[in-house]
Amino acid sequence: MSSETRVAEFAKIVGPQNVLTAEDDRRRYAHDKLPYANFRARAGALVGTLPGVVVRPGTAAEVQQVVQLAAEAGLPVIPYGSGSGVLGGTIPLGEEVLIDMQRMDRILTVDPENALVTVEAGMNGELFEAALNDKGYTVGHLPQSLTISTVGGWAACRGGGQESSRYGKIEDIVVGLKAVLPDGRMLEVRPLPKRATGPSIRDLIVGNEGTLAIITELTLRLWKLPETEEVLALALPDRPAALGLARRIMQAGLHPRIVRLYDEKETASRTEGIDAYRERPVMANIVLCGEPGLVAAEAALVRAFAAEAGAVETETRPFDEWRAHRYKSISQQWQEKGFYNDTIEVTVNWSRAAALYDAIRAAVPAIHPDAHFSAHWSHVYPEGVCQYMTIRLPQMPQDEALPLHARLWELLEGETLAHGGSIAHHHGTGLFRGPWMDGELGVGMDVLRAVKDALDPQNIFNPGKLGLPPRAGAIDPYRDRMDHA
């Protein structure tokens, strides 16, 4: 089948206006917000290729037909939400067919009795949350990318929102789903409370990043908007005290809406003019919400725990400023100025959290004396914490910067594995974390490869991502990075 015939067949399914073939249109889909791709773009280079064609289905049935046509022709496909990912998960490596899901953007049902909402996968996150807020509800999933991400993308990448300590990550919020398999069949996981019917098929699909299935519809937990909230801004004497306070809060069974702890460097950048932080240089912001009586009780406990940790309560201005700009990316601002800014979020148990931070902070200057390293801890759980790290190299020639950038990634991910942690908390794996997936999953990676081979023997669903192999003849997904390293 010629490319012209193929385009005509796609047009029969979705309409000619929803098949994009012009180079300018395809270039807009060539990479997501992977910082490394942005660095390479400064030099006019792509990490992968342009997509061969972009197809924009408007219904689940159309997704099925597009997949069936692609499977018959042996064409690889990549589902695309809105390109908000930062790990290269939608980068084409061999002129794949990009399936843009954004026309599928409706809330299908709101079910207060069962506390569920069903939504199409292509709906914008900000519009979704706003529509629920108008009805007095939330799903509690508020990532920094809220305004530029899709609900399906949240689930595909196993994302986490800024209020995950209370509501959970997306895998805790998704109750049911529908997804198209590589042979075009529709998989359905019905939205029920719990099951004891073998391994969770839902959890196989949530986080699959388009390598096993294309999510078309999700049913999520629904919560009433909290009646009240209380914000506690605390200055603490050091990082161990702050981490210990967060651990005690979570292990006491409290349900804070937000817990954000900052290292000394990030605290200083946010608290200028507040005297309390001169002697106590670590900031913690804790937000409690819900029924008024519960909020009052939890706030009293947090204040008691904080006093025992040597904290003092301060004004909430730094938190208020963060909340006002919580959906804006700081990384992009640095990248636009020519710096090499990136963020890496990992998880680790409480018993290893301080040691992981100390090991990385001590090793960064050996890679470059002017490299920036800082961290905050913004997702906390009874068993451990997400350490969200910022690395930044100064302005310099790209040939000098990229090997250093690679070494920083190797340091942060390598130390995380050495400290028993996980290499990702909510950004996903995509293209860029592939080299560490065997270290992350061990024998489990063999299980994942076997599942991939069984469901997708042609390797047409987002090949080369999630640490899985690319197709023969595709660009080596790590070529540019390794060449420069």
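Colleague: Which residues lie nearest the centre of the second largest pocket, and how many residues line that pocket?

Modeller: R158, S422, A424, E440 and L441 lie nearest the centre, and 36 residues line the pocket. This is a predicted model: local features need pLDDT of at least 70, side-chain atom pairs count only at pLDDT 80 or more, and totals for chains, interfaces and linings use all residues. Residues are numbered from 1 along each chain as its sequence is written, and side-chain values use heavy atoms, with hydrogens and water left out.

Colleague: What counts as a pocket, and as lining?

Modeller: On a 1 Å grid over the protein atoms alone, a pocket is an open set of points where a 1.4 Å probe fits, with protein on both sides within 12 Å along at least five of seven lines. Lining residues have an atom within 4 Å of a point.

Colleague: How much space lies in there?

Modeller: About 830 Å³. That volume is the space filled by probe spheres set on the points, which are joined across faces, edges and corners.

Colleague: Which helix supplies the largest share of the lining?

Modeller: Helix 19, with four residues. Elements supplying at least two residues each include helix 18 (437–441), strand 16 (340–349) and strand 18 (384–393). Helices (H or I, at least four residues) and strands (E, at least two) are DSSP runs, numbered from the N terminus.

Colleague: Switching to rings. How many aromatic pairs are there?

Modeller: The structure holds 11. Rings of Phe, Tyr and Trp (its six-membered ring) pair if their centres lie within 6.5 Å; planes under 30 degrees apart are stacked, over 60 edge-to-face, the rest tilted.

Colleague: Why is F39 with Y340 called edge-to-face?

Modeller: Their planes stand at 65 degrees, so the pair is edge-to-face, with the ring centres 5.0 Å apart. The pair links distant parts of the chain: F39 is in helix 3, Y340 in strand 16, 301 residues apart.

Colleague: Are those two buried or exposed?

Modeller: F39 and Y340 are both buried (under 20% relative accessible area with a 1.4 Å probe, protein chains only; exposed is over 50%, partly exposed in between).

Colleague: What sits over the ring of Y340?

Modeller: The charged end of R42, 4.6 Å from the ring centre. The test is NZ of Lys or CZ of Arg within 6 Å of the ring centre and within 35 degrees of the ring normal.

Colleague: Which residues form the aromatic cluster?

Modeller: Y36, W409, F432 and W436 form one.
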